[in-house]
Every structure is written in C-alpha cells, then in structure tokens.
Amino acid sequence: MSKRMIILVIMLILLFTIALQGCSNKKEVVTRSTFMLNTKLDISVWIEDKNRGVEIIQECFKRISEIEEKMSVNIENSEVNKINDHTQKEFISVSKDTSEVLNASLKYAKLSNGAFDPTIGKLVELWGIGKENFRVPKKAEIDEVLRYVDYQLLINNGENKFKLAKDHMRIDLGGIAKGYAGDEVYKIIKKNSVEGAIINLGGNIIALGTKIDGSNWRIGIQDPFEPTGTHIGVVEASDKAIVSSGNYERFSIVNEKRYHHIIDPKTGYPSENGIISATIIANYSMDADALSTAVYVLGVEKGLELIENMENVESIIITKDYKVYLSSGIKGAFEIKNNKFQIVNQD
Ligand code: FAD
Ligand code: MG
C-alpha cells in the first residue's frame, strides 16, 4: 500500500471513530410513569444509554415504594400506623427514613406555629375529603376530634423511637412524605451521574441539573382555575424543588361548596383564608412540601413572613381574587403570562 493510501485509511478510521463517538454522546430522554402514593409519578432522565435510564428510573420507583410501605396510613402495617395503633405508654422504633420525616414534620410544625401538623390524622379521617366516604362532619364531631390534634404530643426519644402521648391520636404524613420521596429520587439519579432530569411526583417537581444545552429548566406554575397543564407563568430552575399546594388538587363538592384537603388544625375545617394555591421553591423537596401546606394554612401575610425568614426558599402565592404575592427573592424572576392575574407586591 502506498504512503498516501495508508494516510487515507488512517484518516477514514479516525473519521469513523469520531462519528461513532458523536453518536454515543447523544443524550435522549427516557420517561417512565407509574401510580403510587395515590398519585401519578413521572420521571424523565436525559441519558446516552436508554437501557441504563430505564434501570435508574426503576430503582427510583422501588425506593418510592419502600417509602410508601413505611409511611402510608393506608397500609395497615406501615411504621406510621404502628405508632398510631399503640397506646401512649410505648415508644415505637422506626427506620431512619420515617424518623427523618417525622422529625422534619415536627420542625415545620414548630416553625409554622402548628399550621402544619403531622398529627392531623383523625381530622383527615373524619372528613374523608376526595374519598367515597366524604361527608361534612357536624361541628360537635370536629370539636371532639380537635382534642387529638397536637404535634407537641408526638414525642421522639432521640433514638428513632416515637410515641403519641395521648390515646386515639393519629399521624398523617400526606403533606410531607411525597417531598421526602422526591429528595431520595434526586439522590439516586445524581448518584448515577445523570446531568438532567425532571422528577414529578403528583405535582411535586424537582428540576435536576440542566437541559442538554446547559440552560435552566422552565417549570410552569399551574393556573389554579384551569385544567392541569395551564400555566400562569414560568419559573427558571436548576437543582430546585417546586411544590404547590392547592384547593384544586383534591376536593369534594356538596351543595356547590368545595371542600378541599388542606385542613386548618386550629379550626378543624378546610383552610379558608383567600389562598387558592401556594408554591414553594427550595433546595429540598421535603422542605418545599411541608412549607407549601404550612403557607396555605397560614395565609398570605404570615405565610410570606415565614418564607422571608428562611434562606434559599421562595414562594408564589395565588389568592381567589387573582392576586399573586411573591417572596422577595423571586421578584423580577417570575413573569405572569396571563393578564387576568396581577402581581400585587412586585416592588
Ligand atoms: P399537600 O398540601 O402537600 O398535603 C395535603 C395533605 O396533607 C392532605 O391530604 C392530608 O393528608 C395532609 N394535611 C392536611 N392538612 C394538613 C396540615 N394542616 N398539616 C399537615 N398535613 C396536612 N392517598 C390515598 O387516597 N390513598 C393512599 O393509599 C395514599 N397513600 C399515600 C402514601 C404516602 C406515603 C403519601 C405521602 C401519600 C399518600 N396518599 C394516599 C396521598 C395523601 O393522602 C395526600 O392526599 C397527598 O399526599 C396530598 O399531597 P398534595 O401535594 O396534594 O397536598
Ligand atoms: Mg405539602
């Protein structure tokens, strides 16, 4: 073979290798959905090896299932129900997972002065909102059940052991456990060196890393008056959790009145203070989940005050009269796309 021919062959091999590398570097989206925690879960990862992407998502779903087994009040032998079903004399040992969520729930109960309360269980049961057994309870029934709602009677002995200090009290982690599951999913995807993913656990969203082109994710904030997928505006985010609590997510209607699932632990009734949706943007999904429920119950003024006192946490609150209240760190970074809404505290 002549020298020229050899050079030509080498060049062709080089070109072929570069072309192959180009192909293998191409990331594609892999999306899988399932139904757990009584909601739809969607996970999308942008990855070169599609099969690996599917495996990673399956690992995430397995982890969520473990968390549900431990923390659901609808699973008879869950750790939470073990605490619920015991008398006030005994401390019950729980896993690190459940202990972490219970301690976080106590932290947010204190911070919100009881607006978020993990011992809301008996009220959730009494109302049965969104379920077949829903009915509007009598005032006397609510007053009776309120005696069993008090986070200060959920006691931790400091070693992953918990008890309820009064018989008949019940824990319900529906306002925080989905957030914890989101953080655990984030860890699994990160550990697998994925650089871009969107985790959506029934509206609790985590934007992991960036899009393939390196730009931030754009997450739509749900219009609380319109069907799912209609947005009032967009938040740009990278490695952030975006969690909304709203009266449109889970509710029952009687005599044209809407009863939604976020209960004010002080009154025992679905929280009514003008807020229709509270969105929190934070570094951790568990924090955002607990805080979105807390802010919803606290109302605009106290809710914003709580958020302003926390680092790296922002909020977008929408009221029934189409007003939007922003925390100071998100002003200028959130734009309304629909002019029926109006930002009231822009400056
Ligand atoms: P959020 O605002 O985040 O939370 C509202 C929920 O928190 C309420 O539904 C109630 O559970 C609780 N809550 C209400 N008021 C307060 C308050 N003031 N403070 C603290 N908490 C409050 N649903 C089913 O129907 N069947 C199931 O089998 C089932 N299993 C689940 C298992 C797990 C581990 C989790 C996390 C949730 C499960 N759910 C189930 C759903 C759950 O009952 C809630 O409806 C759901 O988590 C609401 O989330 P959200 O983001 O819509 O609202
Ligand atoms: Mg919540």
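Biologist: Is Asp-289 buried or exposed?

Modeller: Buried means under 20% relative accessible area, exposed over 50%, and partly exposed in between, with a 1.4 Å probe and protein chains only. Asp-289 counts as buried because its relative accessibility is 5%. Thr-293, at 14%, is likewise buried. Of the 347 residues of the protein chain, 48% fall in this class.

Biologist: What kind of model is this, and how are its parts numbered?

Modeller: This is a predicted model, in which local features need pLDDT of at least 70 and side-chain atom pairs count only at pLDDT 80 or more, while totals for chains, interfaces and linings use all residues; side-chain values use heavy atoms, without hydrogens and water. Residues are numbered from 1 along each chain as its sequence is written, and chains are lettered from A and ligands numbered from 1 in the order in which they are written.

Biologist: What average pLDDT does the protein chain have?

Modeller: The predictor's confidence in each residue, pLDDT, runs from 0 to 100. The protein chain averages 91. Over residues 17–24, however, pLDDT is below 50. Where pLDDT is low, the predicted coordinates should not be read in detail.

Biologist: Which protein donors does the magnesium ion (ligand 2) have?

Modeller: Donors are N, O and S atoms within 2.8 Å of the metal (3.2 Å for Na, K and Ca); water is not among the atoms, so sites may look incomplete. Here they are Gly-175 (O), Asp-289 (O), Asp-289 (OD) and Thr-293 (OG1), at 2.1 to 2.6 Å.

Biologist: Why are Asp-289 and Thr-293 separated by about one helical turn?

Modeller: Helices are DSSP runs of H or I with at least four residues, numbered from the N terminus. Asp-289 and Thr-293 have this separation because they lie four residues apart in helix H8 (residues 285–298).

Terms used:
Contact means heavy atoms within 4.5 Å. Helices (H or I, at least four residues) and strands (E, at least two) are DSSP runs, numbered from the N terminus.
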